[in-house]
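Subject: Structure handover

Hello,

Here is the structure I said I would pass on. My notes on it follow below.

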Amino acid sequence: MSNPLVIAIDSSTTATKAVVIDTSGDVVSMGRAEIDLLSPQINHYEHDPRQWWDSTHQAITEAVSGLSERDRARIAAIGITHQRESFALIDADGNPIRPAILWLDSRAGEQIKEFGSDHIHELSGKPADTTPALYKLAWLKQHEPETLSGAFKLVDVHAYLSHALTGKWVSAEGSIDTLNLFDIAARTFSDELLEIAGLRPDQMVEFTRAGDVIGTLLPSLANEWGLSPEVVLVAGVGDGQAAGLGTAAIDPDLAYVNIGTSVVSGTHSKEYQFDRAYRTLIGGIPGTYVLEIVQNSGSVLYNWFRKNLGDPALEGGLDPALESEASRIAPGSDALLTLPHWNAGQSPDWDPFATGAMVGFTTGHTRAHVFRSIVEGTAMLLAENLNRVQEVTGRKLVELRATGGSARSPFIRQIFADATGLPIVMSEVDELSAHGAAMIAMAGVGAYPDVESAARAMAHLGERTEPNPQAHEKYVSWMRLHSRIYPLLAELMTDMKNAEN
């Protein structure tokens, strides 16, 4: 097919999107369906896995309903990206035997302390943390052993959707890897990690590389949606890696940053590397890895401030007047520094008991100072993380490719550019993870010779924000102090958490 379309599925924590995209990266149509987030008790977050497929079916139905018969005939493939680290246990008929446990679930604190180690980090590429499935599976091994041992298969979102679309229980290596069950250098399941998780090798699904064809769409679905019977499913990758791919930040001197609910940044590597500054994931370009920085507090922290301490009429929404006032304050917020660990600490501390802190209050500080300091705290932490990534990998970054709701604020974008000392180029794509999945799918059906070529051709980049050299120099000085806050408070934070319990 000389001018194909692909359907990119992005199944996230709250909804599934289906986006029809052409070879230039333009969106032709899209659909969306919600997923219910379940929280049966504190720190427990779950899904009904059946909604993964129900929402996908609804989203694709909506996306293709507005297409002409000619455009439906152009659809050559479906690609998948999805929430990472979430998993379900199914029986031999494909039915879930308990609710799926999600990436943001933090029930497994004791298992993290028991099994997390430098050895597990080196083996899996992932420091001990609340997000990987490994520790939650160890929790099930202790609390629901019969459920775990009686499961036919452990599936991630990718494998669950693959089965619904093609009848095959197949995931992608960059998807299943996020469960923290891989010997990542060997790119296969680790017997040692499976033992910790309480799983047998026969309970694992098959997996393949991103861009490989998994199979043909089930005839009943092709007929229902009016698609060619030759439409194929192409193996994808987790949503974080897909978003980075969507910015075409694939050269060693480029990194992507998503200033969304969390701050997530990453850079591609052709070699396996590991360090506490980042977690290592299998990338969407076959043979590559992604070195990923994760900071739990991003837009969620800005929204928290605006909702609780901002203009009540805005209900936590963007506040141009507040940003204008904060923009007139010098870097460093008049010596008010924020440790942004409101939702625990990930890169580089990986401390599930870490909490937020603000240091340096005086009566001269205003609401605008506090807001600016919060934004600066997340930006300086990113700069510290990026500096360490560059130090341990020997690379020199020259540009950040940005996405995420808060990155659309010129005020926030400028602080991130000034703190990191790097130009920030905005992606013009709204559904960036789906965009990355579409790039992989296009390569999978031969529209481009490989995923890398598809990424370079289909990325849509826009506004560029240059760092202010004088502001960057000031932030470098403040970061010397900022980096000392967590080590000084870490023991106190743990003691406070223990006292609370």
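Helices (H or I, at least four residues) and strands (E, at least two) are taken as DSSP runs and numbered from the N terminus. The model is a predicted one: local features need pLDDT of at least 70, side-chain atom pairs count only at pLDDT 80 or more, and totals for chains, interfaces and linings use all residues. Residues are numbered from 1 along each chain as its sequence is written, and side-chain values use heavy atoms, with hydrogens and water left out.

Salt bridges

A salt bridge here is a side-chain nitrogen of Lys or Arg within 4 Å of a carboxyl oxygen of Asp or Glu. The whole structure has 25 salt bridges.

Arg456 takes part in two of the contacts described here. With Glu452, its closest N and O atoms are 2.8 Å apart. Both residues belong to helix 17, 4 residues apart, which is about one turn of the helix. With Asp251, the closest N and O atoms of Arg456 are 2.7 Å apart. Arg456 sits in helix 17 (residues 451-458) and Asp251 in the loop between helix 11 (239-246) and strand 15 (254-259), so this pair ties together parts 205 residues apart in sequence.

For accessibility, buried means under 20% relative accessible area, exposed over 50%, and partly exposed in between (1.4 Å probe, protein chains only). Arg456 is partly exposed, at 42%. Glu452 is partly exposed too, with 31%, and Asp251 is partly exposed at 24%.

Another salt bridge joins the side chains of Arg98 and Glu46, at 3.5 Å from N to O. Arg98 is in the loop between strand 6 (88-90) and strand 7 (100-101), while Glu46 is in strand 4 (residues 46-47); the two are 52 residues apart and link distant parts of the chain. Both Arg98 and Glu46 are buried. They also belong to a network of salt bridges that links Glu46, Arg98, Asp105, Arg107 and Glu144.

Cavity and pocket

Both were found on a 1 Å grid over the protein atoms alone: a cavity is a set of points where a 1.4 Å probe fits but cannot get out, a pocket is an open set with protein on both sides within 12 Å along at least five of seven lines, and lining residues have an atom within 4 Å of a point. Grid points are joined across faces, edges and corners, and a volume is the space filled by probe spheres set on the points.

There is 1 cavity of 30 Å³ or more. The largest cavity has a volume of about 30 Å³, and its lining consists of Ala255, Ser265, Gly266, Thr267, Leu291, Ile293, Leu386 and Val389. Strand 16 (263-269), strand 18 (289-295) and helix 14 (367-393) each supply at least two of the lining residues, and strand 16 gives the most, with 3.

The second largest pocket has a volume of about 230 Å³. It is lined by 17 residues, of which Ala128, Arg276, Asp349, Trp350 and Pro352 are the closest to its centre. Helix 3 (109-115), helix 4 (118-124) and helix 19 (485-500) each give two or more residues to this lining; helix 19 gives the most, with 3.

Regards
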